[in-house]
Amino acid sequence: MVTFPKDFVWGAATSGPQTEGNFHKQHQNVFDYWFATEPEAFDAGVGPDTASNFYNDYDADLAKMAQAGIKGLRTSIQWTRLIDDFETASLNPDGVAFYNHVIDSMLAHHIKPYLNLHHFDLPVELYDKYGGWESKHVVDLFVKFAEQCFKLFGDRVDDWFTFNEPKVVVDGQYLYGWHYPCLKDGPKAVQVAYNMNLASAKAIASFHKICPGSTKKIGIILNLTPAYAATDDPADVAAAEFAELWSNNLFLDPAVLGHFPAKLVKTLDQDGVLWDATDEELAIIAANPVDYLGVNYYHPFRVERPDISPKSLQPWLPDIYFKEYAMPGRVMNVDRGWEIYPQAMADIADNIRENYHNIPWFISENGMGVAGEERFMDADGVVQDDYRIDFMKEHLTALAKGIDAGSNCKGYFVWTAIDCWSWNHAYHNRYGLIRDDIHTQEKTLKKSAGWFKALSETGTFEN
Ligand code: BGP
């Protein structure tokens with residue numbers, strides 16, 4: 001029997017751009033623009049236009065989530081829906097009304113809102129005009145947007161996050177070309193990482209002014225991918241150490257400790273790619289740590305020494321220091337191409353407890369994406385997703401070990417409540433406790449929803 005603390009939050013995570021659909025949205029974010037100009041970049045040519053139709057179905061969807069035992073919902077406000085003019089942060093009345101309705105409906109269904117302000121969805125206009133996150137002007141525009149959210153919804157919403165996975169923005173949009181604008185520019189990516197840290201700290205400073213009080217909290221959501229060295233060889237160990245700095249500490253340290261890791265700063269400086277920062281900005285970062293952390297965990301990062309020499313890669317990329325290692329025998333989620341390694345949950349818990357003041361934190365995403373779930377439907381049309389239940393059990397068992405050792409983890413938000421549109425993979429992998437038939441928009445609880453409900457009611461499960 002695995003048991004969790006009484007006040008542990010059992011929730012689900014999602015995001016505005018992946019669920020709402022673009023109904024009545026005035027502006028395009030980078031994904032909307034990318035889909036409009038290059039639909040073939042998306043699985044089966046499916047874009048975010050309808051997504052899970054949450055814009056129209058939110059009340060019924062939230063009722064279904066409550067049936068699945070979901071007691072907290074982490075979703076995001078779309079900058080491109082709420083704001084009319086990005087320079088002044090003037091409001092779009094339809095966007096204001098929509099998010100007010102959603103928050104009121106969550107509360108009516110006894111689902112606690114956890115609102116995030118940015119989930120990969122930069123307005124494309126701000127990329128075209130300023131290069132997006134490489135610009136400090138965009139940092140200030142984001143803070144204006146954040147301030148509007150705090151003023152509009154801070155009366156009913158206690159829990160906030162500034163960013164979801166800023167490292168994926170750095171990697172996906174600026175470094176490795178996975179997401180629009182598909183850049184492959186190391187030095188720009190370094191500046192983007194710095195600017196997003198700064199934007200988070202500035203938004204946190206505003207939050208505490210606009211929403212004072214001990215019940216109001218704000219954090220950042222980081223995808224922590226613990227880096228494990230392939231062997232004990234010092235070259236592999238050094239590679240894993242740099243991967244940890246670059247992949248995790250780059251955001252974790254400023255967010256919690258108020259400063260960047262000295263070793264990383266030194267390396268970037270020696271390589272001539274260190275960000276442009278002022279003393280005043282660094283003081284803002286130092287003075288505005290997060291109240292808590294959200295941690296998204298899906299897979300570990302196996303690392304070995306790089307097989308390219310630092311001099312051979314010009315212009316600069318962090319890949320001169322490490323390389324991903326395909327460990328023989330690792331257990332894979334084949335559909336998603338990610339290793340399944342539950343033990344990392346306990347390792348993350350220990351790391352936060354030992355090195356980050358045992359700050360309160362949540363698992364803000366964890367889940368299993370599977371393709372073609374129709375094959376697991378029973379005669380009544382219910383997806384028998386025992387694999388998803390097993391995945392959650394294994395990860396929660398490891399998390400419980402970390403909590404028993406004293407880690408301050410406050411909740412688990414499964415990714416996700418209802419199958420949703422997922423960036424360029426669109427609907428290929430389904431993660432929901434609730435199935436969305438994208439042709440009829442019919443939403444049906446899967447077997448895992450019943451299991452999750454029992455878990456959220458009792459705080460325990462048999463493993
Ligand atoms: C996280 C994102 C989510 C979601 C999830 C699943 O990185 O925060 O938005 O997409 O991953 O990943 P994917 O949809 O790529 O399978």
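**Strands, helices and a ligand shell**

Reader: In this predicted model, over how many bridges do β9 and strand β11 pair?

Author: The structure is a predicted model. In it, β9 and strand β11, the latter formed by residues 301-304, pair in the parallel sense. The number of bridges between β9 and β11 is 3.

Reader: Which residue is the bridge partner of Ala229 in β11?

Author: The strand β9 covers 227-229, and its pairing with β11 is parallel. In β11, Ala229 has as its bridge partner Val303.

Reader: Which are the edge strands of the open sheet?

Author: The open sheet has 3 strands with mixed pairing, in the order β9-β11-β12. An edge strand here pairs on one side only. The edge strands are therefore β9 (227-229) and β12 (323-324).

Reader: What angle does the direction of α10 make with that of β9?

Author: Helix α10 packs on this sheet and touches β9, β11 and β12. Its direction makes with that of β9 an angle of about 175°.

Reader: What is the order of the strands in the closed barrel?

Author: The closed barrel consists of 8 strands with parallel pairing. From one strand to the next, the twist averages 25°. The strands run in the order β2-β3-β6-β7-β8-β10-β15-β17.

Reader: What angle does the direction of helix α10 make with that of β8?

Author: Helix α10 (residues 234-257) also packs on the sheet that contains β8 (217-223) and β10 (292-296), touching both strands. The angle between the direction of α10 and that of β8 is about 165°.

Reader: Are helices α7 and α9 roughly parallel or roughly antiparallel?

Author: The axes of helix α7 (residues 136-153) and helix α9 (residues 186-210) come within 9 Å and cross at roughly 30°. Angles under 35 degrees count as roughly parallel. The crossing angle therefore makes α7, relative to α9, roughly parallel.

Reader: How many nonpolar residues does the contact of α7 with α9 have?

Author: The crossing of these helices is right-handed. Among the residues making the contact are Phe142 and Phe150 of α7 and Leu198 and Phe207 of α9. By class, the contact of α7 with α9 has 4 charged and 2 polar residues, and its nonpolar residues number 10.

Reader: Which residues come nearest to the ligand?

Author: The shell around the ligand divides into 9 polar, 3 charged and 3 nonpolar residues. Of the 15 residues around the ligand, those that come nearest are Glu165, Gly369, Ser422, His425 and Asn429.

Conventions
Residues numbered from 1 in each chain as written. Predicted model: local features only at pLDDT ≥ 70, side-chain atom pairs only at ≥ 80, totals over all residues. Near = placed C-beta within 6 Å. Nonpolar A, V, L, I, M, F, W, Y, C, P; charged D, E, K, R; others polar. Pairing = 2+ DSSP bridges. Helix = DSSP H or I, 4+ residues; strand = E, 2+ residues; numbered from the N terminus. Axes fitted to C-alpha atoms, helices over the stretch in contact; angles between N-to-C directions. Contact = placed C-beta atoms within 7 Å. Parallel < 35°, antiparallel > 145°, perpendicular 65-115°, else oblique. Left-handed = near helix turned anticlockwise from the far one by under 90°.
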